[in-house]
Amino acid sequence: MYYHYHLLCSCIESRLGRPITPEELTPTEETRQQNRKQYGDFGASLVTRLASMGLGAEYMSHAVNEVVIEMGEPDVAEAYRKINRDEAFHVQIGKVGLERYALTREDQTRAWEAAMETAKLHVVAYEALFNRARAAA
Ligand SMILES: [Fe+2]
């Protein structure tokens with residue numbers, strides 16, 4: 001995970017021409033809200049956590065990253081190409097985990113709801129992040 005941020009920091013720092021400071025990397029309120037849901041409500045059970053992380057967040061990240069790989073500047077696309085190999089694996093962890101642990105109809109329903117709600121929060125968080133980036137450009 002750390003490695004992903006290092007890759008993206010390199011892209012930003014090459015544009016800024018200086019090191020980036022931790023104060024410049026504050027998450028948006030929308031990202032904080034997503035994280036609270038993922039690690040709070042959905043973190044309370046293995047099934048909802050696997051669904052929230054693996055299918056709600058990682059799956060969505062992987063899909064958005066594919067667009068960045070296709071449309072982004074070369075160094076950014078290259079960073080996301082590396083990142084997305086990990087994201088694909090993270091999605092697999094969620095899928096394999098749910099196949100193993102979401103065995104009842106009730107758990108499968110809870111998993112579906114956790115994945116869908118997280119995916120929606122993730123899209124909102126991406127939009128806020130991209131809006132912030134556009135405003136700063
Ligand atoms: Fe991931």
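Predicted model: local features only at pLDDT ≥ 70, side-chain atom pairs only at ≥ 80, totals over all residues.
## The overall picture

Let's start with the whole chain. The protein has five helices and zero strands, so its pattern along the sequence reads α-α-α-α-α. Its C-alpha atoms fill a box of roughly 55 × 25 × 25 Å along the principal axes.

Of the 137 residues, 26% count as buried. Among contacts with a separation of 6 or more, 74% are between residues 24 or more positions apart.

## Helix 2, face by face

Helix 2 runs over residues 29-41. Its 13 residues should span 18 Å at 1.5 Å a residue, and the end C-alpha atoms are 17 Å apart, which agrees.

Gln-34, Lys-37 and Gln-38 are buried. Seen down the axis, the buried residues of helix 2 fall within an arc of 95°, so they line one face of the helix. An α-helix has 3.6 residues a turn, so residues three or four places apart point the same way. On the other side of helix 2 you will find Glu-29, Arg-32 and Gly-40, which are exposed.

## Helix 5 and its cover

Helix 5 takes in residues 105-136, 32 residues in total. From first C-alpha to last it reaches 46 Å, close to the 46 Å expected at 1.5 Å a residue.

Its buried residues are Ala-111, Ala-114, Ala-115, Thr-118, Leu-121, His-122 and Ala-125. What covers them includes helix 2, helix 3 (46-71) and helix 4 (74-101).

## Where helix 2 meets helix 5

How do these two helices lie against each other, roughly parallel or roughly antiparallel? Their axes come within 8 Å and cross at roughly 160°. An angle over 145 degrees counts as roughly antiparallel, and helix 2 and helix 5 are therefore roughly antiparallel to each other. Their crossing is left-handed.

On the helix 2 side, the contact is made by Glu-30, Thr-31, Gln-33, Gln-34, Lys-37 and Gln-38. Helix 5 brings Glu-117, Thr-118, Leu-121, His-122, Val-124, Ala-125, Ala-128 and Leu-129.

Technical notes
Residues numbered from 1 in each chain as written. Helix = DSSP H or I, 4+ residues; strand = E, 2+ residues; numbered from the N terminus. Expected span 1.5 Å × (residues − 1). Buried ≥ 20, exposed ≤ 12 C-beta atoms within 10 Å, placed from the backbone. Contact = placed C-beta atoms within 7 Å. Arc of directions from axis to C-beta. Axes fitted to C-alpha atoms, helices over the stretch in contact; angles between N-to-C directions. Parallel < 35°, antiparallel > 145°, perpendicular 65-115°, else oblique. Left-handed = near helix turned anticlockwise from the far one by under 90°.
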